[in-house]
Structure formats: structure tokens, C-alpha cells
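Let's take a walk through this protein model together.

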Amino acid sequence: MRRPFQGLWNVIRFNWPFYVLALGLMPVVLVIRYFMPLQFRVAADFLLIFAAILTLLSLAVSWYVYDLAGFYRLDWLAKLQSGSSATIININAGFDETSELLKSRFPDAEMIVYDFYDPAKHTEASIKRARAAYPPFPGTRQVTTGELPLGADSADRIFAIFSAHEIRKADERRAFFFELNRILSPNGQVVVVEHLRDASNYLAYNIGALHFHSRESWLDTFAAARLDIEDEIKLTPFVTAFFLKKHGTAS
């Protein structure tokens, strides 16, 4: 069971330098404004209000997405196509909140968990903090994005939930999804869940949305890896799930 506000608290503690900076700048601006000519104080007040709104909005959206919307109940998995779930692969970037939930959802499946985090390539400081805060799922295997230690056509379901965007370089991302295609069984399914670099996420996270990839970028990645989209759904206005299959296979 997830604790109340667990998702929001994770966002704050994994990204605390941003919030410290935002809170620290506000009193500085308040002090400076008293030394400004009257006509500039209005601009300073506007800046303070704008910064406060942006910060509170990002926190409110994070609370909604990770706590209120019920994402971690995994009810959205009802969208999975029928078929075997004998072997399930869950792939993370060093922060894993879903393997235990997936194991509960598919208790009879063989669960294999991969962690592709490489500090030389995936340099986001928030991931390092998350790794320090949460232990890996038991039996998690360290892998690289370009080589997954599984035979061809072996996996019935592959999940990449809030992880694949950490692969910043397009070529590496394409190679990773090509590997997913290789290990995916002919009738298997890849499930990718991500924020997109779109209007909703810009509104919620402003420049923080630059950390996400655009829908067009994901479509390019999937096409290059010869993966077709079976279904695409908005789990919330800020989170999208792609359900993928091998190119040319029947639905």
C-alpha cells in the first residue's frame, strides 16, 4: 500500500534543490523590491506571484498524478490485450516503484526486473537520490540499454514505466527499443508509460517538461525499432501509455 502523499513527497525530496532555490529567491526578491523605484515594485510583485503559482502548480499536478489519480492501483492494465503473461520484464532506470505491484497483479508470472541505470550516461541527479532512498526489487539485474540478457522472443510483457525517458540520446533510445523488440515474443506486448513534452506538461512543470520527450520523438523511436502502436491512452492529462507490438504481427 502506498502512503498518503508518497508520490508528492518523492518529487520534493528527489528534486529538492529546485524547491530550495525557488523558496530562497522569494525572500531575496522581497528585500530587493524595497530598494526599487515604485514603478519596478509592481514587476517584482508580479515575478513573486508568478514564481509561487508555478511552484505550487507543479506540486499540485504531481500530487494528482502520483497520489490522487490512482495510477499505482494499475487498473489501467485492463487495457492490455489478451494473451500470455508467463514471462514479464519490468525495466527501470534505478528507481522502481512498480515491480512489487506488477508481481501482485500477475502472481503466477515469472518476473524479471532490469535496471539500466549507468551514472556515466544517465546523469540526472534526482535518480541518484531516488536510488539512495529506495532499495531495488529483490533479484533486480543490472543491464545496459544496448544488450538485455534474454533470448529472442522470450518475454510476453515488457514494462517501461517512467523510465525510458532517462535515455537522453536518441540513438541509444532506439537501440534500447530494438532490444525490447528482439526479446519480445511474437504475440507479446511492450507497455511504455511516460509524461510527454506537450502543452499539458509545460503548463504543469514549465521548463521541467524539457526533461520529457515529445510524442513525435517516441513515435520515431518506436518506428525505428519496428514496434507498432496497438493502443495509446491518456492515463491522466499529463501521462500517456503506449501499448506496442512487433511490426507486422496481428492484434
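Predicted model: local features only at pLDDT ≥ 70, side-chain atom pairs only at ≥ 80, totals over all residues.

## A serine tucked inside

Serine 62 has a relative accessible area of 1%, so it counts as buried (buried means under 20% relative accessible area, exposed over 50%, and partly exposed in between, with a 1.4 Å probe and protein chains only). You'll find serine 62 in helix H3. Helices here are DSSP runs of H or I with at least four residues, strands are runs of E with at least two, and both are numbered from the N terminus.

What does the side chain of serine 62 make a polar contact with? Its partner is the side chain of tyrosine 205, at 3.3 Å. A polar contact is a pair of N or O atoms within 3.5 Å; within protein, one must be able to donate a hydrogen and the other to accept it, and residues adjacent in sequence count only if both atoms are side-chain atoms. Not counting residues up to four places away in sequence, serine 62 touches Leu8, Val11, Asp67 and Tyr205, where contact means heavy atoms within 4.5 Å.

Residues are numbered from 1 along each chain as its sequence is written, and side-chain values use heavy atoms, with hydrogens and water left out.

The protein chain has a mean pLDDT of 91, and 97% of its residues reach 70 or more (pLDDT is the predictor's confidence in each residue, from 0 to 100). Confidence is lowest in helix H2 (residues 16-33), with a mean of 80, and highest in H8, at 98.

## The sheet

Seven strands make up an open sheet with mixed pairing, in the order S3-S2-S1-S4-S5-S7-S6; two strands pair if DSSP finds at least two bridges between them. S3 (141-142) and S6 are the edge strands, each pairing on one side only.

S4 and S5 run parallel and are joined by six bridges. Across in S5, valine 191 stands opposite phenylalanine 159, and glutamine 189 is the bridge partner of arginine 157. Nine of the eleven residues of S5 are buried, so this strand is largely enclosed by the rest of the structure.

## A histidine and a helix

Is histidine 165 buried or exposed? At 7% relative accessibility, histidine 165 counts as buried. This histidine sits in the loop between S4 and H6. Its side chain makes polar contacts with the side chains of glutamate 166 (3.1 Å) and glutamate 194 (2.8 Å).

Helix H6 (residues 170-183) has 14 residues and reaches 20 Å from its first C-alpha to its last, close to the 20 Å expected; the expected span is 1.5 Å times one less than the number of residues. Its buried residues include Phe176, Phe177 and Leu180. The buried residues of H6 pack against several elements, including strand S5 (184-194) and helix H8 (215-224).
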